[in-house]
Amino acid sequence: MTDPGGERAPYGRRTVATLGDVPAAQRPATSTYYGLPALKPSDWGWLIAVYFFIGGMAGAAQVIAQVADLAGRKADRPLVARGRYLALAGSLVSPVLLIADLHTPSRWYNMLRIVRLTSAMSIGSWTLFSFGTLSGLAATAQALADLHRAPVWRTVARIVGTPAAVAGALMATYTGVLLAATSTPLWASVPRLLPTLFGLSSTSAALGALSLLLPHGRSAQPVRRRLDLLSLLSGLAEVAVLRQVESAWRRRALAEPLDQRPVQLGFRVGVRAGTAASLVIHALQVLGGRSLGPLGPAASLMALASSFILRAVVLFAGKRSAVRPEDAFRMART
Amino acid sequence: MSTPVWPEFVPERGRALGSDALSGPIIDEAELTAGVRVEAGQTYGFLTDTTLCIGCKACEVACKEWNALPAEEPFVMTGNSYDNTSQLSATTWRHVAFVEKLVQAGAHERASATHGSAFQSGWLMMSDVCKHCTHAGCLEACPTGALFRTEFDTVVVQADICNGCGYCVPACPFGVVALDSNDGKAHKCTLCYDRLKGGFEPACAKACPTNSIQFGPLPDLHARANERVASLRQRHGVADAYLYGVQGADGGQGTTGGIGDLQAFFVLTDQPEVYNLPSAPSLPSRRVRPGLLAGLATMAGVAIAAAVVFAAGSERP
């Protein structure tokens, strides 16, 4: 056996077939160690997928409520109040989910022991802590304003609402950073697109939830129309970013876990079809200028469902990609 | 009658004899076993020379013994050469990999891993371990400060701080650190932090019968490794020998993407992937800032769109 490169193999009279003896073009795409994982997968499961969804929705709801409040339209006041209450509800549920997921839950408070800016988890812990506190204050002021019809409380809510909305913007997106700042190939390959996708998905979910929470009477119709328009815009952006994310994965040959059941079903039906369907209904409502009856709430529910399924799909597909050594090596190659 | 005891172990006798070696641990034992005096403030590491490894797994056993780590349950015969350990885990901090590269001896003989030169056959063995990276992905990801850098520049998990969030596990670019389901904490090689504090050489390095695992200050190990690779290439005809985990040496494989020198580094004779190592890993924390900025920009866009939608129109109060 002669070396195709023309150099003698270095091991004496007998020849060793090493990868280095084979021209690069003929080498197998990757060689692995008995196909065993080269990386460890995250241990996160459904609790974390639910948290990504609820925390993101709460964060985006706070942003939307604050913007609506600052825009100052009286007709939007029910929306502002519901946005702040939804944000508070989400920020109360979130820590419960996160602590339940810890392997030593009794030490949850160690999350607030240090500030470490290289850790997306540390940034996230402090974000959730501030978001919860500020959301509590804003919702309390909002409740007092609603109960006493006192303008001073409305002003307080508006003042506290601004930092709460900044924390909310982080809440809606940092979970994408949390995933991307790991060595898991599927997550690490889209460090900018993943937070963007999660932010848009959070926004769609918050808009859907707020639309469902608004009073049913005629008075809320103009507000609902505005939410429809925002849902349309957010949905369009989401579809565009989702396409970019998927093509980035396919281009780098990391998309295999998306094509395996049951993730495949979630991705195709839950994420792609769900997002598209709610987008179409919102478009029809916006272009037609009127409500399509029960299709409106259905679109909101689909937006919520597809937002949750997106997190689950990304989480579980990522865990699979981590234990595929060929994907890990493809990611970690110059 | 009281139980008879050897006179050497009677405490009073020990004191009476003064510096009797049997009365306590040998001071700076690492000086005798590794020629190294362990001092705080220096950077220590492992040089794992795979060309010397005979696959005896003494390192695996010594590590388990010293650190009181339980066996993996259930025991599985993998059929992957002699490797039934398969991977590093929360309770396995040294793992000997066995690679069988088929070698053709002659036209009529079957290809086998045990053919090859007298110096090294096609049967590769490599004792894997935590790399104790200069910039450690696990440490940077840890939100509690349980993972910290010691006075020996090694990376250690403090089990009494760790709350088992598990974020270090996917963060590690080498798939080393793992969660233990029994105690709910993350665990990995400590480079025998407790032994270093006592002036001892780490257990695996001390147990290694061929000096495949060498312990010492990183600059000394680098010098020794460079010499070894040169000698392998020139004197032993192992042209493929190179260093994995040393910046600037042989393409700096393993040190890429901001990770820097691996304090536990390797002499390898085939591509890193063959040993289940990535050739160009990257530091996960590098993705934090661009990710956060992209996320905040997205939400700024959402806020602007919402502001336009809420403020526009004719329905002002």
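How many disulfides does the structure hold over all chains? The structure holds zero, a disulfide being a pair of cysteine sulfur atoms within 2.5 Å.

This is a predicted model, in which local features need pLDDT of at least 70, side-chain atom pairs count only at pLDDT 80 or more, and totals for chains, interfaces and linings use all residues. Residues are numbered from 1 along each chain as its sequence is written, chains are lettered from A and ligands numbered from 1 in the order in which they are written, and side-chain values use heavy atoms, with hydrogens and water left out.

**Stop 1: cysteines of chain B**

Select Cys192(B), which is in no disulfide; the nearest cysteine sulfur belongs to Cys204(B), 6.3 Å away. Cys192(B) counts as buried because its relative accessibility is 7%; buried means under 20% relative accessible area, exposed over 50%, and partly exposed in between, with a 1.4 Å probe and protein chains only. Next select Cys208(B), also in no disulfide, where the nearest cysteine sulfur is that of Cys56(B), 6.3 Å away. With 14% relative accessibility, Cys208(B) counts as buried.

**Stop 2: aromatic rings of chain B**

A search of the whole structure finds 19 aromatic pairs over all chains. Rings of Phe, Tyr and Trp (its six-membered ring) pair if their centres lie within 6.5 Å; planes under 30 degrees apart count as stacked, over 60 as edge-to-face and the rest as tilted.

Select Tyr82(B) and Phe98(B), a tilted pair at 5.9 Å centre to centre, with 35 degrees between the planes. Tyr82(B) lies in the loop between α3 (58–67) and β2 of chain B, and Phe98(B) lies in strand β2, so the pair ties together parts that are 16 residues apart in sequence. Helices (H or I, at least four residues) and strands (E, at least two) are DSSP runs, numbered from the N terminus. Tyr82(B) is exposed, at 54% relative accessible area, whereas Phe98(B) is buried, at 1%.

Trp123(B) counts as partly exposed, at 23% relative accessibility.

For a further view, select Tyr44(B), Phe46(B), Phe148(B), Phe152(B), Tyr193(B) and Phe215(B), which form one aromatic cluster.

**Stop 3: the largest cavity**

A cavity is a set of points, on a 1 Å grid over the protein atoms alone, where a 1.4 Å probe fits but cannot get out; lining residues have an atom within 4 Å of a point. About 160 Å³ of space lies in the largest cavity, a volume being the space filled by probe spheres set on the points, which are joined across faces, edges and corners. Its lining has 19 residues, and the closest to its centre are Pro37(A), Leu88(B), Asp128(B), Phe174(B) and Asn276(B). Strands β2 (94–100) and β4 (123–129) of chain B each supply at least two lining residues.

**Stop 4: helix α3 of chain A**

Select residues 120–148 of chain A, helix α3: its 29 residues should span 42 Å at 1.5 Å a residue, and the end C-alpha atoms are 41 Å apart, which agrees. The expected span is 1.5 Å times one less than the number of residues. Arg149(A) follows α3(A) and has a positive phi, near 50 degrees.

**Stop 5: Gly252(B)**

Finally, select Gly252(B), in the loop between β10 (242–244) and β11 (264–268) of chain B. Gly252(B) counts as buried, at 5% relative accessibility.

Terms used:
On a 1 Å grid over the protein atoms alone, a cavity is a set of points where a 1.4 Å probe fits but cannot get out, and a pocket is an open set with protein on both sides within 12 Å along at least five of seven lines; lining residues have an atom within 4 Å of a point.
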